[in-house]
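Please look over the sequence and the structure shown below before reading on. The report that follows takes up salt bridges, nonpolar cores and aromatic rings in turn.

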Amino acid sequence: IVRLLSHPDCGFQQADGTIKTVRPSDIAILVANRIEAKQVRDALRARGVRSVYLSDRDSVFANPLAADVLHILNASASPREPQRIRTALATSLLGLSLTDLDALATDELAWDAMVDRFTLYHELWQRKGVLAVLQACLHDFEVPAQLLRSDDGERQLTDVLHMSELLQQQASLQDGMAGLLRYLSEHIQHAKEGNQQTNSAEQQVRLESDSALVQVITIHKSKGLQYPLVFLPFIADAKPFPGKSSFPAAYHDDQGRLQFVFSNQDQHGVSFAEHERLAEDVRKLYVAVTRAQYATFIDIAPFPQWSRSALAALLFGTTDEPKDMAAVLEQKINGITFSPVTAPQSLTSYQESQPHRPQAQVCTFPTQRQLERWWLASYSALTYGDWIPTAETTQQQNATEAERARPAEETIETSEQIPQGIHAFPKGAHAGTFLHNLLEAAAHQGFAKVFEQPHLVVEQTAIMAPWLEHQEVLTDWLGSYLTTPFRLNGSTITLAQLQVYQAEPEFWFAAHHVPATDIDVLVTAHTLEQADRPNVLPTQLNGMLKGFIDLVFEYEGRYYVADYKSNYLGADASAYTTDAMRKKIIESRYDLQYVLYTLALHRLLRARLGDAYHYDTHVGGAVYLFMRGYRNDTGGAFFDRPPWELIEALDDLFAGIRVSGSAS
């Protein structure tokens, strides 16, 4: 192969009569299994020839670096466990030397800095997801540069990046960090065991550069394919029956019935099993020698079992190897060229020619054109800044809100009374997202139906720690919550009474150079009696505004938006008064949120109802349901109905119509 690739005059004549120089992509090496593939690829790599192994089981989780990724994520999930961090640092992926590891073991300040780094990874995982953690880690430890210095570095780096994307996709389907780590561990184990059912197409990735490399492929998978040049380095080998771990073995008798042989004592069965093995090898040999378009190179090496191979059986029909093999081969097969292989005297490696790359040209942007910043924004961007990533799912949106509320909740002074029931349920983003998901599941199954047997939804949802131990509390809460009355603009309703509703609708609408301060001025002037509230950040919305509404429902001909809030306001239901909820809404700027949700509802109804639509007739308002305060007289619900003047002004603002009196 090295000689073919290195000789400039070596080529083959194509159908149009032109001579094509042999390139690595013209060569296919057919093998029986992964072990043979590794031997071939190692030999090629030692001589400077790059190759790719194409296999049905080529899952990225089969890459040894998958275990390194698992160790890194284990350390990021538990940064206060020193042994996990030490294991992560010792991985080949991070590439630390023994000197570096020794320095961390003896330098207390350096070790503390490393622990701080993994603590930041933990926080990054909570805020932005596992993909952000792995990208930060690759950058901090300069992993791409390290990998790309090796022959197959491009493949290794691609596999790691692909693994990162798969884990990010799975994050929303798994139960927190522990669930995602379990998913990764299981798939690594499945890949080791060769479980093809778990290795779906999405777990395989092909590089564009793979097509330019020598193709190493199993004979089984090569069936139906064609390659210019084919090499068969192991075709003269055989694994006759019985071999290691051969029993029990299956075979078919003279009548075609399936039989089994359990030991060497069954000579009849051994003979049939060996016959079937040879017949299968002959079929594979036929596939192998018919794959080439121009030439097939067969290596007849002195393997220990050569005389029992399919090739020997077809050529000689006997187990006795002829003395003059070249003469016998030339006599039996017309047109064959028999060339004894000798070790090369001088040429031992292949220097791949580098394609000519034109020098990059500097592109200048026309002076009369200006790029503008276009981005996806959400309610969070108005209160937390445009660095907050736009939520892709309602779970991400709820988690962001709960995570931002956590510091304030932790400062709430608890009374001497020990919290009970839902008030003792965990706080924070994960707990809030779980409660949201529980009500979302109830909505999809039907509030009224779930009320009759709330334990079924809880048992389906709270199946893992830390929620499993709260099943009884959650069942009692959910059953009661669905029948808790709350007020709507003079009416009283429960979730179980709702007939027409939609859970988790998503909305998008355009925003063309909309200053956040203009939105703030309008909302402050028209809601909550113009109470003082924290200012929004001075950002500008330009692109699309996106969001998820927990619940949209119809009652008595009017439509409402509802949002579930898991905020912890105190140790019992008495903390959830109207004033307390109003205060929380103001300090967290939930007023901006429900006004934007009402605007989205207004635009939807206007599009659906056309000329029949009227805001005062069809829009009921917004209700915020504080889930922990349901036993208060308020039902834990805060209701407000933004006035038509506000919605009309905001509608014009987002449509690009300047609002008189707004902030400049």
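## Salt bridges

E529 forms a salt bridge with R582, and their closest N and O atoms are 3.8 Å apart; a salt bridge here is a side-chain nitrogen of Lys or Arg within 4 Å of a carboxyl oxygen of Asp or Glu. The two residues belong to distant parts of the chain, 53 residues apart, with E529 in the loop between α21 (516–526) and β15 (540–548) and R582 in helix α22 (residues 578–587). Helices (H or I, at least four residues) and strands (E, at least two) are DSSP runs, numbered from the N terminus. E529 counts as exposed at 74% relative accessibility, whereas R582, with a relative accessible area of 23%, is partly exposed.

The structure holds 16 salt bridges. One of them joins R603 to D651, with the closest N and O atoms 2.7 Å apart, and because R603 lies in helix α23 and D651 in helix α25 (residues 644–654), this pair ties together parts that are 48 residues apart in sequence. Both R603 and D651 are buried. D42 also forms a salt bridge, with R45, at 2.9 Å between the closest N and O atoms; these two residues both lie in helix α2 (residues 34–46), three residues apart, which is about one turn of the helix. D42 is partly exposed, with a relative accessible area of 30%, and R45 is partly exposed at 29%.

## The model as a whole

This is a predicted model, in which local features need pLDDT of at least 70 and side-chain atom pairs count only at pLDDT 80 or more, while totals for chains, interfaces and linings use all residues. Residues are numbered from 1 along each chain as its sequence is written, and side-chain values use heavy atoms, with hydrogens and water left out.

The protein has 25 helices and 19 strands, and buried residues make up 46% of its 664 residues. Among the contacts (heavy atoms within 4.5 Å) with a separation of 6 or more, 71% are between residues 24 or more positions apart. The protein exposes about 35000 Å², of which carbon and sulfur atoms supply 51%; these areas come from the Shrake-Rupley method with a 1.4 Å probe, and for residues only the protein chains shown count as cover.

Which residues touch the most other members of the largest nonpolar core? In this core of 49 residues they are I519, L541, I585, L650 and F654, and helix α23 (residues 590–609) gives the most to the core, with ten residues. A nonpolar core is a set of buried Ala, Val, Leu, Ile, Met, Phe, Trp, Tyr and Cys residues joined through side-chain atoms within 4.5 Å. Leaving aside residues up to four places away in sequence, I519 touches L382, V514, L541, L592, L650, L653 and F654. Another core, of 44 residues, lies apart from this one, and V69, L104, A132 and L167 are among its members.

In helix α25, the residues L646, I647, A649, L650, D651, L653 and F654 are buried. Their cover includes β14 (506–515), α21, β15, α23 and α24 (615–618). Helix α25 is followed by G656, whose phi is positive, near 95°.

## Aromatic rings

Rings of Phe, Tyr and Trp (its six-membered ring) pair if their centres lie within 6.5 Å, and planes under 30 degrees apart count as stacked, over 60 as edge-to-face and the rest as tilted. By this rule the count comes to 18 aromatic pairs. The rings of F61 and Y183 have centres 6.3 Å apart and planes at 85°, so this pair is edge-to-face. Both F61 and Y183 are buried. W477 and Y481, by contrast, form a stacked pair, with 5.2 Å from centre to centre and 25° between the planes.

Ring pairs also link F507, F509, Y597 and F654 into a cluster.

Terms used. Buried means under 20% relative accessible area, exposed over 50%, partly exposed in between (1.4 Å probe, protein chains only).
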